[in-house]
Amino acid sequence: MLKTDHLTADFWLTKVADADQLLLTNAQISTRNKDTFARQSEMTELASLADSLTAAALSERIQKASATPAQPRFYADGTALSAQQWRAYQRNLNTEGVQADNPVRFALVVKRTDLRSMPTTDRVHNETMALDLDRFQETALFPGEAIAVLHRSRDNNWLLVQNYHYTGWVQAKDVALGNRQQVLDYAKQQPFLVVTGARAVTSFTPEMPAISQLLLDMGTRLPLLSTKDTGHNVHGQNPHASYIVKLPLRMPDGSLEFTPALIARQQDVSEGYLPYTTANILQQAFKFLGDRYGWGHDYDSRDCTGFIIEIYRSFGILMPRNSGQQGEGSYGRNVRFTSQSSHEDKLAAISSAQPGDLIYRPGHVMLYLGKDDGEPFVIHSVHDLAYFTTTAEPGADSNVAVTQPALYRGILNGVAVTPLTPLQLTADSSYLDKIYAIKSLR
């Protein structure tokens, strides 16, 4: 059912009329973002945060970010975490350091870094022991991203931070503390460059290792500078064939400074956001094809929602981090299904969907590509794979083979194109059974 032709954006775009038609202007996207923040309680405009948090408010945030899971957790060798080990992690939360009044500070991220549910780099897993899925890993933060700093771990190595859609623990060495206005103004500066490839890197800079070949993910936005700002020698290189961007830099005392850096013009970047068109949505999605799956942005990669978020950040569109928050969220145009919805109802709604729309089942999101030979196809970042195959078994007459369905279980562990209707969760439950929403951001 899957053909090599299916593995290119161009194949699907030949089926789309007006693929280059602008779906939303930049002004409309800005309005859409404001509406999303207003509708989604898990999203926060950092500028709206108070100057400090009460003890009760901070304690609640620590508890929510670092709640002890109901299920047991295991290290990679299969050893279950003991009560003593949990106490050690919880002690590092530094709840005794919560004051009656806790100032909120601000910072910029200086390198791609993990956001964790516990202030530790230890990896833990659930009882299925899927070692690719680190259950302390939540998401990632990216260079130039603004965060609010709420608290510090007992060992001083971690900060509890909040970005626009998540709260968790980040290593202090990966962020630089500035004043509120300095941090918030950085993301508003014009003109700006947007990373439009799956990833880009800054130019090699031997005299400044902190900004040398810095990894930049799709959707990263950085202020642009000119030679009027920097001159014609940027860290030993003439910038005539490069973009000059303004990067945050962490000083030895942890404070924030800025430095110019170069991104070669051959890198996949755009001055300003990409035009929001169906063609660009699909082309952005296929830039990730074959990338390894990364739970919570692990392995310098992305999971199903990280995949979607980065595609849409290319256009300046922001959304919640988790699939449930996205799929159940009221932003955008939504088609909802209940447990009473039939397969026919769902397939009819999918047939009316537009390429680039988002299809949700519990714990997962897929980007709709369109139909081929009547079958709907999706592209998604997915860990495991299951579908029915047929096996031949001898019948009553040993010369006659009888075909029997058998559930194949395998692994994709990457960004893949798949037909939708054959996908199974278990022998008794299909993706189609569990689809609960289709979301359009047009």
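Let's start with two side chains that are both buried: Asp357 and Arg442. They meet in a salt bridge, with 3.6 Å from N to O. Asp357 lies in the loop between α10 (343–352) and β20 and Arg442 in the segment after β26, so the pair ties together parts that are 85 residues apart in sequence. Please keep in mind that this is a predicted model.

**Salt bridges**

- The structure holds 20 salt bridges.
- One of them joins Asp132 to Arg292, whose closest N and O atoms are 2.9 Å apart.
- That pair links distant parts of the chain, 160 residues apart: Asp132 is in the loop between β5 (113–116) and β6 (137–141), and Arg292 is in the loop between α7 (278–286) and α8 (304–313).
- Asp132 counts as buried at 15% relative accessibility, while Arg292 is partly exposed at 43%.
- Arg302 and Asp217 also form a salt bridge, their closest N and O atoms being 3.0 Å apart.
- Here the loop between α7 and α8, which holds Arg302, is linked to strand β13 (residues 215–217), which holds Asp217, and the two residues are 85 apart.
- Both Arg302 and Asp217 are buried, and they belong to a network of salt bridges that includes Arg112, Arg199 and Glu310.

**Aromatic pairs**

- The count of aromatic pairs comes to 14.
- Tyr312 and Phe315 are both buried.
- Tyr360 and Tyr436 make a tilted pair, at 6.4 Å centre to centre with 40° between the planes.
- Tyr360 sits in strand β20 (residues 358–361) and Tyr436 in the loop between α11 (431–434) and β26 (437–440), so this pair ties together parts 76 residues apart in sequence.
- Tyr360 is buried with a relative accessible area of 0%, and Tyr436 also counts as buried, at 16%.
- Phe11, Trp12 and Phe377 are linked into a cluster by ring pairs.

**Charges over rings**

- The charged end of Arg313 sits over the ring of Phe142, 4.7 Å from its centre.
- Arg361 lies over the face of Tyr431, 4.4 Å from the ring centre.

**The second largest pocket**

- This pocket has a volume of about 1100 Å³.
- Its lining has 34 residues, and Glu45, Ala187, Arg221, Tyr273 and Leu318 lie nearest the centre.
- The elements giving two or more residues to this lining are α2 (26–39), α5 (180–186) and β14 (221–225), and α2 supplies the largest share, six residues.
- The lining divides into 17 nonpolar, eleven polar and six charged residues.

Definitions and conventions: Residues are numbered from 1 along each chain as its sequence is written. This is a predicted model: local features need pLDDT of at least 70, side-chain atom pairs count only at pLDDT 80 or more; totals for chains, interfaces and linings use all residues. Side-chain values use heavy atoms; hydrogens and water are left out. Rings of Phe, Tyr and Trp (its six-membered ring) pair if their centres lie within 6.5 Å; planes under 30 degrees apart count as stacked, over 60 as edge-to-face and the rest as tilted. Buried means under 20% relative accessible area, exposed over 50%, partly exposed in between (1.4 Å probe, protein chains only). Helices (H or I, at least four residues) and strands (E, at least two) are DSSP runs, numbered from the N terminus. A charge sits over a ring if NZ of Lys or CZ of Arg is within 6 Å of the ring centre and within 35 degrees of the ring normal. On a 1 Å grid over the protein atoms alone, a cavity is a set of points where a 1.4 Å probe fits but cannot get out, and a pocket is an open set with protein on both sides within 12 Å along at least five of seven lines; lining residues have an atom within 4 Å of a point. Grid points are joined across faces, edges and corners, and a volume is the space filled by probe spheres set on the points. Ala, Val, Leu, Ile, Met, Phe, Trp, Tyr, Cys and Pro count as nonpolar, Asp, Glu, Lys and Arg as charged, and the others, Gly among them, as polar. A salt bridge is a side-chain nitrogen of Lys or Arg within 4 Å of a carboxyl oxygen of Asp or Glu.
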